[in-house]
Amino acid sequence: VLTLIIFVVIQNFVAQPYKVQQQSMERTLEPEQYVLVDKLTPRFDAYKRGDIVVFNPPEDWGDNGTPFIKRVIGVAGDTVEIRDDGLVYIDDVALDEPYLYSDEIDGPSQPTTPPLEQTTWTIADNEVFLMGDHRSNSADSRTFGPVETDQVIGRAWLRYWPLDTFGILPAPTYQGLAAAD
């Protein structure tokens, strides 16, 4: 009984395994890989630009309750803009995104295409703007808008399966932008 209680507490409040099922984070995370999702530290440390998070998508986008995994691009107070040059801008500063998917390993990254309806978003308090690293194969905030932070399950921080991919998932820093609070 004690083991069951410890397991339930850890799974619900501390950390949870997650199986990557979408292709939207390709080359960073591949389908069938497993990551460990930190559910504890986001309670006292806000999500930051570059974090990889697991979240519950809006109802119209969900697939039988399967969470999505994406990268935080914009945080509260940011103005996110996708321009025709294929780049993402935060407060008029172009993001350097070396993690973006390319058709060939070490080839040029695919450009980020703006949706037809909207190209600029201002992120409110308690929201994050999320995008996949494989932008042409990602249903993300470009189509369903910013996501409320209470829909975020946690921060993916460790890839643990298969063993040959074991490692911590680093969050990039972005030159020219103040650190997200």
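Analyst: Let's start with a term. Buried means under 20% relative accessible area, exposed means over 50%, and partly exposed is in between (1.4 Å probe, protein chains only). This is a predicted model, where local features need pLDDT of at least 70, side-chain atom pairs count only at pLDDT 80 or more, and totals for chains, interfaces and linings use all residues. Residues are numbered from 1 along each chain as its sequence is written, and side-chain values use heavy atoms, with hydrogens and water left out.

User: OK. Is Phe-13 buried, exposed or partly exposed, and what is its relative accessible area?

Analyst: Phe-13 has a relative accessible area of 44%, so it counts as partly exposed. Its place is helix 1, residues 2–14. Helices here are DSSP runs (H or I, at least four residues), strands are runs of E (at least two), and both are numbered from the N terminus.

User: Which residues make a nonpolar surface patch with Phe-13?

Analyst: The patch includes Val-1, Leu-2, Ile-5, Ile-6, Leu-40 and Phe-44, and covers about 980 Å². Patch residues have over 30% relative accessible area and no salt bridge; nonpolar side chains (Val, Leu, Ile, Met, Phe, Trp, Tyr) are joined within 5 Å, like charges within 9 Å. Areas come from the Shrake-Rupley method with a 1.4 Å probe; for residues, only the protein chains shown count as cover.

User: Now the inside. How many residues has the largest nonpolar core?

Analyst: It has 14 residues, and those with the most contacts inside it are Ile-73, Val-80, Val-88, Leu-95 and Phe-129. Strand 5 (79–82), strand 6 (88–90) and strand 9 (127–131) each give two or more residues to this core. A core is a set of buried Ala, Val, Leu, Ile, Met, Phe, Trp, Tyr and Cys residues joined through side-chain atoms within 4.5 Å.

User: What is Val-80 in contact with?

Analyst: Leaving aside neighbours within four places in sequence, its contacts (heavy atoms within 4.5 Å) include Val-88, Ile-90, Trp-121, Ile-123 and Phe-129. There is also a second, separate core of 12 residues, with Tyr-18, Ile-52, Val-54 and Leu-169 among them.

User: How many salt bridges are in the whole structure?

Analyst: The search finds 9. A salt bridge is a side-chain nitrogen of Lys or Arg within 4 Å of a carboxyl oxygen of Asp or Glu. One joins Arg-155 and Asp-51 (2.9 Å, N to O). Arg-155 lies in strand 11 (152–161) and Asp-51 in the loop between strand 2 (34–38) and strand 3 (52–55), so the pair ties together parts that are 104 residues apart in sequence.

User: Are those two buried or exposed?

Analyst: Arg-155 and Asp-51 are buried. Arg-135 and Glu-97 are both buried too, and their salt bridge has its closest N and O atoms 2.6 Å apart.
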